[in-house]
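Hello,

Here is the structure I promised to pass on to you. Please open it alongside this email, and my notes follow below.

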Amino acid sequence: MTLLVLLILVNVVSRYTGRPIYWIDEASVYCVVWLCFVGASLMTRLRLDFAVSLLTDKLGPKSARLVKLLAGSAVLVFGFSMLAMCWIWLDPIGIARYGFDAKEYAANSFNFLYTEKTQTLEWPTWLLQTILPIFSATLSLHALANLIEDLGLQPRRAHPGLELGNAEAVT
C-alpha cells in the first residue's frame, strides 16, 4: 500500500509539473492487482470475506453449520483447483525441459507467457502474474485452516488487534 501511495503521489506531482512519468500508471495498476489478491486471501483467513446469510439465518444451528462447512469446503476446492490451473498454465516442468529458453518453449508449446513483456515497464509478465499461484496457495491454506477450525479440530483462532469476528461487525 505504501508503494501504491508513493507511486500515485509521484504521478500527481510529475503531471502537475508538466513532466509525467508514464510507467507509473502501469506500476500502480499492478500494485492494485497484487493488493487485491493478497487482501482477498487475508480476508478469507480473517473470515471477512463475502457471505450471504439469507439461507443460514433461516436454518437451525446444525443445518447452518453444515452449510457453512460446505461453503468452506467449496472455497478450499476452488483454491486447489486454481492452484492446479496455475501449474498447468505456468508449466514449470515444460519450460525446464527447454532449458528455460522462453522462445524455444513458446515455439513448441504455443505458451507465450514467458516471452511477453509489459507495455511500458517492459517487465516479464510471468513475473507479475506470479500473484495468481501465490494467491491460490495462500487461499487454499487459509481455507484449510478455517475448515479445520469449523470442524472443531482446532479452537478458532483469535486475531489480536483485530476485534472483528465477521464482516457484519464492520460498519
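**What I found**

R156 sits in the segment that comes after α8. Before I go further with that residue, please keep in mind that this is a predicted model.

Is R156 buried or exposed? R156 is exposed, since its relative accessible area is 53% and the cut-off for exposed is over 50%. If you want a distance to check on your screen, take R156 and C36: they are 120 residues apart along the chain, and their C-alpha atoms are separated by 25 Å.

**The chain as a whole**

The protein chain has 8 helices and 0 strands, so its pattern along the sequence reads α-α-α-α-α-α-α-α. Its radius of gyration is 21 Å, whereas a compact globule of 171 residues would have one near 16 Å. Along the principal axes, the C-alpha atoms fill a box of roughly 60 × 50 × 30 Å.

As for the surface, the protein chain exposes about 12000 Å², with 69% of that supplied by carbon and sulfur atoms. Of the 171 residues, 27% count as buried. There are 13 positive and 13 negative side chains, and the centres of these two sets lie 7 Å apart. Looking at contacts between residues at least 6 apart in sequence, 62% join residues at least 24 apart.

How far does the predictor trust its own model? The average pLDDT of the protein chain is 89, and 94% of the residues score at least 70. Confidence is highest in helix α8 (residues 131–150), at a mean of 96, and lowest in helix α3 (residues 54–58), at 80.

**Two residues in helix α2**

I24 is found in helix α2, which covers residues 23–45. With a relative accessible area of 1%, I24 is buried, because the cut-off for that is under 20%. Leaving out residues up to four places away in sequence, I24 touches L7, V10 and N11. The C-alpha atom of I24 is separated by 7.6 Å from that of I8, and these two residues are 16 apart along the chain.

E26 lies in helix α2 too. Which side of the cut-off does E26 fall on, buried or exposed? E26 counts as buried, because its relative accessibility is 13% and the limit is under 20%. Once its neighbours within four places in sequence are set aside, E26 is in contact with T118, Q119, T120 and L121. One of these, Q119, is 93 residues from E26 in sequence, yet the two are 8.1 Å apart in space, C-alpha to C-alpha.

**Two loop residues with positive phi**

Two backbone angles may also be worth a look when you go through the loops. F100 has its place in the loop between α5 (92–97) and α6 (102–109). Phi of F100 is near 60°, a positive value in a residue other than glycine. F100 is exposed, with a relative accessible area of 61%.

E122 is found in the loop between α6 and α7 (125–128). E122 is not a glycine, but its phi is positive, at about 55°. The relative accessible area of E122 is 56%, and therefore E122 is exposed.

Best wishes

Key:
Residues numbered from 1 in each chain as written. Heavy atoms only, no water. Helix = DSSP H or I, 4+ residues; strand = E, 2+ residues; numbered from the N terminus. Rg over C-alpha atoms; globule rule 2.2 N^0.38 Å. Buried < 20%, exposed > 50% of the residue type's maximum accessible area, 1.4 Å probe, protein only. Contact = heavy atoms within 4.5 Å. Areas by Shrake-Rupley, 256 points an atom, 1.4 Å probe, with all protein chains shown as cover. Lys, Arg positive; Asp, Glu negative; His and termini not counted. Charge placed at Lys NZ, Arg CZ, Asp CG, Glu CD. pLDDT = per-residue confidence, 0-100.
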